[in-house]
Every structure is written in structure tokens, then in C-alpha cells.
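Here's a quick briefing to read alongside the model. Have the viewer open and click along as you go.

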Amino acid sequence: MASAFSATKFTQPLPVNTISSGSQEKNFLFDPVKNSPSFFGSARKLRSHKLNQANPHRRYAIVSVSDVVKEKKIKSSSSPLITKEEGLELYEDMVLGRAFEDMCAQMYYRGKMFGFVHLYNGQEAVSTGFIKLLRQDDYVVSTYRDHVHALSKGVSARAVMSELFGKTTGCCRGQGGSMHMFSKEHNVLGGFAFIGEGIPVATGAAFTSKYRREVLKEANSDQVTVAFFGDGTCNNGQFFECLNMAALWKLPIVFVVENNLWAIGMSHLRATSDPQIWKKGPAFGMPGVHVDGMDVLKIREVAKEAVGRARRGEGPTLVECETYRFRGHSLADPDELRDPAEKAHYAARDPITTLKKFMIEQSLASEAEFKAIEKKIDEIVEDAVVFADESPLPPRSQLLENVFADPKGFGIGPDGRYRCEDPKFTQGTAHV
Ligand SMILES: Cc1ncc(C[n+]2csc(CCOP(=O)(O)OP(=O)(O)O)c2C)c(N)n1
Ligand SMILES: [Mg+2]
């Protein structure tokens with residue numbers, strides 16, 4: 001097969017299971033266990049290997065640890081990875097994420113939400129697998145695909161839905177909208193619309209915890225920060241700068257890449273010189289991990305190690321979760337670009353169905369218990385919509401709160417009146 005860089009290839013999306021490097025091709029991502037055992041790495045535990053004797057210039061050998069999950073014999077009924085209560089909690093959180101997002105789609109198309117709305121369907125195992133292990137005072141930083149991270153962290157469905165409706169009862173009093181979920185109470189430090197913007201904020205939060213603990217001697221300041229972002233974001237400079245600082249200062253942070261193979265319409269394989277993102281961890285002196293992002297139990301095992309490491313003061317970890325979004329990039333995307341075979345492949349690995357199947361096989365829960373959870377979640381989501389719909393819109397006086405620049409010339413004219421009250425405001429170019 002020709003190189004990926006030949007003219008004909010370059011105009012077509014690359015098949016998802018192939019990466020090309022010159023004339024060499026390796027199977028990748030589509031069926032990684034079967035086709036590329038080295039991609040999954042060895043069964044070594046999460047650790048950085050000191051000095052490679054053969055190559056003294058390389059400080060750390062490359063480590064991949066997702067096989068740690070296999071060591072725990074996921075299929076063995078004698079040592080189940082989870083208790084019934086834990087499994088049901090994970091199931092409930094993923095169902096909440098899915099049902100909430102499906103409802104968002106309905107509400108968006110009914111005109112209840114404004115601007116771009118990016119849904120998380122398909123990726124739930126990543127949010128649930130990491131965030132359900134965290135404490136309330138741990139920090140989470142997200143992207144514009146942030147509703148489900150906020151829900152997993154404990155922000156109520158009412159507060160997230162109201163935020164999406166632009167109502168005062170929203171977690172940002174209706175001023176943030178879909179891409180800017182924030183909650184001081186739950187230490188959700190935001191969704192960020194600019195890709196990569198959240199990574200330095202997360203690095204700063206991790207620095208704060210460490211500084212408080214080590215310099216200010218606040219013994220209980222052992223919070224861990226988890227930063228979520230996409231594959232496309234890993235080609236952004238802020239990612240590299242923050243990996244460097246986090247490793248240098250051994251910050252209590254986990255960088256979680258949700259590699260859904262696409263950045264809007266750009267294939268990860270076409271855009272990235274080395275698509276194995278986890279390898280960038282060891283390049284900075286921290287463990288790099290690849291994990292099946294459609295399996296919440298595998299993610300949870302990796303998360304336990306990475307979060308534990310951070311909490312113990314052993315420094316950062318980079319985790320690449322191979323996942324997939326079941327819908328278009330945003331609700332404005334007709335999603336006609338991606339190969340139906342690729343979509344079908346990942347649809348068959350739906351993380352919610354996978355967990356349910358596992359728990360039934362292990363006799364950890366019955367069909368009726370799952371049904372009861374689904375019913376409860378439907379009611380929570382319905383209630384969130386009614387609550388959001390009935391909540392008041394913010395008063396006009398809220399419009400320029402927290403705007404630190406002089407608003408004159410922008411929202412307020414020299415006479416102190418809002419320009420948007422000018423009857424001609426919506427016609428032609430506003431006279432600013
Ligand atoms: C700094 C910046 N550049 C460009 C964009 C436009 N943009 C929005 S989403 C996106 C793709 C990001 O893809 P990825 O990081 O893989 O996240 P995903 O949408 O797949 O979750 C881009 C380039 C942006 N938001 N911010
Ligand atoms: Mg992506």
C-alpha cells in the first residue's frame with residue numbers, strides 16, 4: 001500500500017486501523033490487542049524506569065501499563081474488580097451522562113439552548129472511570145464537551161441543564177452556557193472553549209495543592225487534579241509546556257486524553273506525527289498509559305494507580321483513553337464524514353452495555369436492577385428540564401457583571417444605556 005503522504009491518500013481519510021510511516025504500515029487502534037501488542041505495552045506496573053543502560057541519553061524507558069488490568073483477571077468471579085455497589089454506581093453515572101446528553105439534543109433542536117453544544121455520548125466510561133474515584137475537593141478541568149464531567153463530579157442535573165438553558169439557576173447563573181460548566185463547590189474548574197486552555201489551569205490547580213502542602217504546611221492539601229482533553233488538543237503547545245512543568249515539579253495531576261480519533265473533521269492519524277499519545281509521557285519523565293476507553297473497569301484500574309500516585313506525591317501521569325463519540329462534533333455537525341464501518345465498530349463497544357453485560361455475567365446485578373436505575377435517571381433528567389424551563393432568565397443587570405474591561409464602547413454607550421436597547425441595534429452594523 002502506498003505511503004500516507006502520497007497525493008491520492010492525502011485527499012482521502014486514512015482508514016482508522018492503519019498508520020503509515022514511510023513504506024512501513026502498522027495496524028493501529030481498530031483492533032489493537034490482536035494487531036499491535038506492543039501498542040498496549042507490557043504488563044509492567046505504572047512506574048517510570050530510571051536510566052536505560054544501553055542508552056544513557058534517555059532518562060526513562062517507555063512504559064505502558066494497561067495490561068495491569070488483565071493481571072487482575074477481569075473475568076474471574078473469585079476476584080471481581082468491583083463490588084455490586086461500585087458497579088451499580090458506575091452504571092448509574094454512565095446512564096445519567098447518556099440520558100442527559102440525549103435530552104440536550106432534544107432541547108437544542110427545540111430551541112431551548114443557544115450557541116454550540118458538544119455532546120459526550122460514547123465517552124462516558126472515561127468521565128465515570130476517573131471522576132467517580134475522586135473526592136469532592138479534587139479538581140476537574142474539562143473542555144467544551146463538559147456537561148458529563150460536571151455531572152460525574154456531582155453538579156446536579158438541574159444546575160447543568162439550567163446553565164444550558166441560560167437560566168439564573170444554572171451552575172454559572174446562566175452566563176457560561178454549554179462550554180463553561182463551573183462549580184466552586186465541586187471544584188469543577190471549568191469547561192474551556194479554546195482547546196488546550198484548560199491544561200494550564202489544571203496544572204496551576206495541581207501546583208496550588210502541592211504548594212499549600214509543602215510550603216504552607218497544610219497537611220490536608222493533598223487534592224489531585226484531573227485534566228480532560230482530546231486527541232486534537234495534544235498537538236497544541238500548551239499540552240507540552242504543561243507536561244514539562246508537571247513532571248519537573250512532580251505535580252499531583254493526571255492528564256487524561258480522550259482520544260476519540262477525530263478533531264472535528266480531522267482524523268487524528270492524519271494530523272499527528274506519532275499518533276500514540278501516551279508515549280509523550282515518558283518523553284517528559286512521567287508514565288504514559290494507554291487504556292481501552294470504552295471499558296469503565298479498565299479505566300478505573302488505571303485511574304486508581306494514576307490518582308494514587310498523584311495523591312502520594314509521586315507526580316503526574318499521562319493516560320490515553322481510546323474512545324469514540326457516537327454523535328457529530330457538535331449538534332450543528334451532520335456527521336457525514338466518518339466511515340459508517342468505524343462508527344459501527346465503536347457502537348458495538350458501547351461502554352454502558354459492556355458494563356451491564358459484565359455485571360450480569362458475574363451475577364453482580366439483575367436486569368430489574370438496571371431497569372430501576374434507568375427509570376430513576378429518566379426521572380432526574382425530566383425533572384432537570386422542567387426545573388430549567390421554569391427557572392427565571394438572568395436580569396439584564398447581570399449582563400456585564402465580572403467584565404473587568406471598561407464596558408463603554410462595548411455593551412454600554414457613553415450615556416450609560418445598554419447599546420442593545422437601541423432600536424436599531426439589530427440592523428446593519430451597530431455604531432460602537
Ligand atoms: C485554540 C483553538 N483552536 C481551534 C479551535 C477550534 N476547535 C474546536 S474543537 C476542535 C477540535 C478538538 O479536537 P479534540 O481535542 O480531539 O477534542 P474532541 O472534540 O474530539 O473532544 C478545534 C480545533 C479551538 N476551539 N481552540
Ligand atoms: Mg478528538
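**Around V319**

Setting aside its neighbours within four places in sequence, V319 touches V254, F255, V256, V257, V289, V291, V302 and A306. Keep in mind that this is a predicted model. V319 is also one of the residues that touch the most other members of the largest nonpolar core, along with V160, A227, V254 and V256.

**The core**
- That largest nonpolar core holds 90 residues, and helix α5 (residues 84–109) supplies its largest share, with 9 residues.
- In soluble globular proteins, nonpolar side chains tend to be buried together.

**Strand β10 and its partners**
- All of β10 (residues 288–292) is buried, 5 of 5 residues, so the strand is largely enclosed by the rest of the structure.
- Both faces are covered: G288, H290 and D292 are buried on one side, V289 and V291 on the other.
- β10 runs parallel to β11 (residues 317–322), paired over 5 bridges, and D292 sits opposite E322 of β11.

**The ligand shell**
- Ligand 1 has 16 residues around it, the closest being I195, G230, G232, T233 and A263.
- β6 (225–230) and β8 (262–263) are the elements that each give two or more residues to that shell.
- By class, the shell splits into 7 nonpolar, 6 polar and 3 charged residues.

**The whole protein**
- There are 16 helices and 11 strands, and 43% of the 432 residues are buried.
- Of the contacts with a separation of 6 or more, 70% link residues 24 or more positions apart.

Key
Residues numbered from 1 in each chain as written. Chains lettered and ligands numbered in written order. Predicted model: local features only at pLDDT ≥ 70, side-chain atom pairs only at ≥ 80, totals over all residues. Near = placed C-beta within 6 Å. Helix = DSSP H or I, 4+ residues; strand = E, 2+ residues; numbered from the N terminus. Nonpolar A, V, L, I, M, F, W, Y, C, P; charged D, E, K, R; others polar. Buried ≥ 20, exposed ≤ 12 C-beta atoms within 10 Å, placed from the backbone. Contact = placed C-beta atoms within 7 Å. Core = buried A, V, L, I, M, F, W, Y, C linked by C-beta atoms within 7 Å. Pairing = 2+ DSSP bridges.
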